[in-house]
Amino acid sequence: MVESVFMAELSWPEFSAKMAAGAPVFLAVGATEQHGPHLPLGVDVILPTAIAERVARNVGGIVAPTIPYGYKSQPRSGGGEAFPGTTSLNSQTLVLVIRDVIHNLGLHGARRIVIINGHFENTWPIVEALDLAIRELKHDGINDMTALRLEYWDFVKRETLDKLFPEGFPGTDLEHASLLETSMMLLFRPELVELDKVPDDGPAKFPTYDRTPVRPGFVPASGVLARAQGSTAEKGSWLVEDHVSMITAAVKTEFGI
Ligand code: ZN
Ligand code: MN
């Protein structure tokens, strides 16, 4: 028997047995999006998948293949769609992909699902997809799925943020490609981080509204919205410890495991 936390590495009988035993299924939803000159396009896939893997190990769960494309990058939270390599889905496309995955997992026995968002702009498409999937499952006579939906970055202690940002936390939206994501990438995938390319054209100063078309110079040219200076793997480990332990606790509470 193959012992893996990744669904894609299990055979169908192994998957089926885990579903029958009530194993939670973790589905990360990411994006393929610019993250400045010092980070790869896959940050929003790599980070939630790594967190899902660790939580799944803590609770006997499995990790479904991560959805690698997300909803359109917005200038004030991801730099926008103009950066080469940022490759996004229309919201209805993304909703239908996530809906179908959850629906299929449910048809095949999943009764505990945890959707972990890795990209700021995905929140409402995930909410919509989950609602549609639950409705479809009800049509199919399946009424006993419990799903959790979360943004991994919300699972962090105040003390940790104070330690990371002695001068004040700029906010999760502005943290795009900045200290948090860079530090966690240094922990998980240091070979993909080029610290010598960390730019110095931030932090962005945005108004509290969107404007289309975006004014030239609205987004820092590097695509980094706050600051990545001072990122370290150790800081990444403080964040990951909070994310993994606090999400694990929520999953155990909600699923009674
Ligand atoms: Zn990101
Ligand atoms: Mn993103």
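Begin by selecting Arg 227, which is partly exposed at 37% relative accessibility. Here buried stands for under 20% relative accessible area, exposed for over 50%, and partly exposed for what lies in between, with a 1.4 Å probe and protein chains only. The model is a predicted one, in which local features need pLDDT of at least 70 and side-chain atom pairs count only at pLDDT 80 or more, while totals for chains, interfaces and linings use all residues. Residues are numbered from 1 along each chain as its sequence is written, chains are lettered from A and ligands numbered from 1 in the order in which they are written, and side-chain values use heavy atoms, with hydrogens and water left out.

**Stop 1**

Asp 200 is exposed, with a relative accessible area of 58%. A salt bridge is counted when a side-chain nitrogen of Lys or Arg is within 4 Å of a carboxyl oxygen of Asp or Glu. Helices and strands are DSSP runs numbered from the N terminus: helices are H or I with at least four residues, strands are E with at least two.

**Stop 2**

How many salt bridges does the structure hold? There are 14. Select Glu 194 and Lys 197 for another of them, at 3.2 Å from N to O. Glu 194 is partly exposed at 35% relative accessibility, and Lys 197 is partly exposed too, at 39%.

Next, go to helix 2 and pick Glu 53 and Arg 57. Their side chains form a salt bridge of 2.7 Å, N to O. The two are about one helical turn apart, because four residues separate them in helix 2. Is Glu 53 buried or exposed? With 18% relative accessibility, Glu 53 counts as buried, while Arg 57 is exposed at 52%.

**Stop 2: the zinc ion**

Show ligand 1, the zinc ion. His 35 (NE2), Asp 44 (OD) and Glu 181 (OE) coordinate the zinc ion at 1.9 to 2.1 Å. His 35 is in the loop between strand 1 (25–29) and helix 2 (43–59), and Glu 181 is in helix 7 (residues 179–188), so this pair ties together parts 146 residues apart in sequence. Both His 35 and Glu 181 are buried. Donors are N, O and S atoms within 2.8 Å of the metal (3.2 Å for Na, K and Ca); water is not among the atoms, so sites may look incomplete.

**Stop 3: the manganese ion**

Now show ligand 2, the manganese ion, 3.4 Å from the zinc ion. Which residue coordinates both ions? Asp 44 does. The manganese ion is coordinated by Glu 33 (OE), Asp 44 (OD) and His 119 (ND1), at 2.0 to 2.3 Å. Glu 33 sits in the loop between strand 1 and helix 2, and His 119 in the loop between strand 3 and helix 5, 86 residues apart. Glu 33 is buried, at 2% relative accessible area, and His 119 is buried at 1%.

**Stop 5**

Switch to a cartoon view. Four strands make an open sheet in the order 2-1-3-4, with parallel pairing. Strand 2 (62–63) and strand 4 are at the edges with a single partner strand each, so one side of each has no neighbour in the sheet. Two strands are taken to pair if DSSP finds at least two bridges between them.

Select strand 3 (residues 112–117), where five of the six residues are buried. Strand 3 is joined to strand 1 by five bridges and to strand 4 (residues 146–151) by six. To follow one row across, click Ile 113: Val 25 stands opposite Ile 113, and in strand 4 the bridge partner of Ile 113 is Ala 147. Another pair to click is Val 29 with its bridge partner in strand 3, Asn 117.

**Stop 4: a helix between two strands**

Finish with helix 5 (residues 123–139). Strand 3, helix 5 and strand 4 form a right-handed β-α-β unit. Right-handed is the name used if, with the strands pointing away from the viewer, the path from the first strand over the helix to the second runs clockwise.
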